[in-house]
Amino acid sequence: MIRVLLVDDQPLIRSGFRALLDAEDDIAVVAEAADGAEGVALARRHLPDIALVDIQMPVVDGIEATRRIVADPALAAVHVVILTNYGLDEHVFNALRAGAAGFLVKDIEPEDFLHAVRVAARGDALLAPSITRKLIDRYVAQPPHPGAATALRGLTGREREAVTLVAQGLSNDQIAARMVISPVTAKTHVNRAMTKLHARDRAQLVVIAYESGLVTPAAPDLTRSATRPPARGRSAPGIPRSASAAARRSPAAAR
């Protein structure tokens with residue numbers, strides 16, 4: 001069972017996401033918070049697998065909440081996924097550096113949202129397609145960071161290759177196929193690279209790969225994302241397209 005904490009200052013957003021998540025057999029919303037400070041406290045109390053955290057909230061914003069969760073050793077297993085209405089801006093970079101496992105825009109399609117929660121629970125980096133493309137453009141516009149490049153020197157050739165493929169959005173199974181190794185060995189290379197680079201999760205490996213210049217936007221795989229391509233149609237602003245209907249149908253939304 002994937003345990004989810006919702007942190008958003010808008011009750012309608014929280015109720016829509018709760019209804020969507022609680023309708024799934026393998027996902028349960030364990031708590032809701034209206035600001036970042038309450039979210040951190042509830043994370044410590046409930047130890048969720050995923051914390052879905054809005055960026056802009058009163059008292060403590062999503063970036064600071066992410067920093068506090070990441071800095072707490074007791075919350076090492078909590079994957080923070082930032083929710084945003086705005087696409088890519090400085091908040092994205094600040095939250096990724098703070099330790100967020102990824103980003104989702106709030107108008108994501110319901111089926112993609114549910115898929116994304118499961119992807120994040122596995123520990124995979126998660127970036128919405130629009131954010132991934134802009135992230136690449138942003139990093140190619142600046143020179144490599146010397147400190148990040150230096151950190152890569154401690155990696156073996158296979159570990160560097162694995163980090164490159166993680167940054168291209170590949171799963172462990174896809175990395176194994178590309179490197180012609182077993183999925184277990186691929187996971188070992190990724191985990192060793194994370195340990196050597198002091199990366200909390202795969203999303204931070206992506207940041208390091210971009211900052212060091214290890215990954216360049218010439219690689220076509222970089223435009224891919226952990227989420228599936230969105231279906232046609234528009235969703236209501238800030239709520240997955242079927243979330244409001246699910247909220248009306250499901251008694252869980254009233255909890």
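Mentor: The buried residues of α11 are R202, A203, Q204, L205, V206, V207, I208, A209, Y210, E211 and S212. This is a predicted model, in which local features need pLDDT of at least 70, side-chain atom pairs count only at pLDDT 80 or more, and totals for chains, interfaces and linings use all residues. Residues are numbered from 1 along each chain as its sequence is written, and side-chain values use heavy atoms, with hydrogens and water left out.

Trainee: What makes α11 mostly covered?

Mentor: Eleven of its eleven residues are buried. Buried means under 20% relative accessible area, exposed over 50%, and partly exposed in between, using a 1.4 Å probe and protein chains only.

Trainee: Why is S212 called buried?

Mentor: S212 has a relative accessible area of 9%, which is under 20%, so S212 is buried. S212 has its place in helix α11, and its C-alpha atom is separated by 7.9 Å from that of T150, 62 residues apart along the chain. After α11 comes G213, whose phi is positive, near 85°.

Trainee: And how do you know whether P58 is buried, partly exposed or exposed?

Mentor: P58 has 40% relative accessibility, which lies between 20% and 50%, so P58 counts as partly exposed. You will find P58 in the loop between β3 and α3. Leaving aside neighbours within four places in sequence, P58 is in contact (heavy atoms within 4.5 Å) with D9, A34, D35 and G36. The C-alpha atoms of P58 and D35 are separated by 5.8 Å, with the two residues 23 apart along the chain.

Trainee: V59 is found in that loop between β3 and α3 too. What is V59 called, buried or exposed?

Mentor: The relative accessible area of V59 is 71%, which is over 50%, so V59 is exposed. Phi of V59 is near 70°, a positive value in a residue other than glycine.

Trainee: Where else does a residue other than glycine have a positive phi?

Mentor: Look at L47, whose phi is near 50°. L47 is found in the loop between α2 and β3. At 46% relative accessibility, L47 falls between the two cut-offs and therefore counts as partly exposed.

Trainee: What makes a group of residues a nonpolar core?

Mentor: A nonpolar core is a set of buried Ala, Val, Leu, Ile, Met, Phe, Trp, Tyr and Cys residues joined through side-chain atoms within 4.5 Å. The largest one here has 26 residues, and those with the most contacts inside it are L5, V53, I69, I82 and F103. At least two residues of this core come from each of β1 (2-7), β2 (27-33), α2 (36-46), β3 (50-54), α3 (62-71), β4 (79-84), α4 (90-98) and α11 (202-212). Apart from it lies another core, of 23 residues, among them A162, V166, I208 and A209. In soluble globular proteins, nonpolar side chains tend to be buried together.

Trainee: Which residues does L5 touch beyond its neighbours within four places in sequence?

Mentor: L5 is in contact with V30, A31, E32, G39, L42, A43, P48, I50, A51 and L52.

Trainee: Why are α3 and α4 called roughly parallel?

Mentor: Their axes come within 8 Å and cross at roughly 10°. Axes are lines fitted to C-alpha atoms, for helices over the stretch in contact, and angles run from 0 to 180 degrees between N-to-C directions. Angles under 35 degrees count as roughly parallel, over 145 as roughly antiparallel, 65 to 115 as roughly perpendicular and the rest as oblique, so α3 and α4 are roughly parallel to each other.

Trainee: Which residues meet there?

Mentor: I63, T66, R67 and V70 in α3 meet H91, N94, A95 and A98 in α4. The buried residues of α4 are V92, F93, A95, L96 and A98.

Trainee: How confident is the predictor overall?

Mentor: The protein averages a pLDDT (the predictor's confidence in each residue, from 0 to 100) of 79, and 73% of the residues score at least 70. Over residues 219-239 the pLDDT is below 50, and this stretch has 58 contacts in the model beyond near neighbours in sequence.

Conventions: Helices (H or I, at least four residues) and strands (E, at least two) are DSSP runs, numbered from the N terminus.
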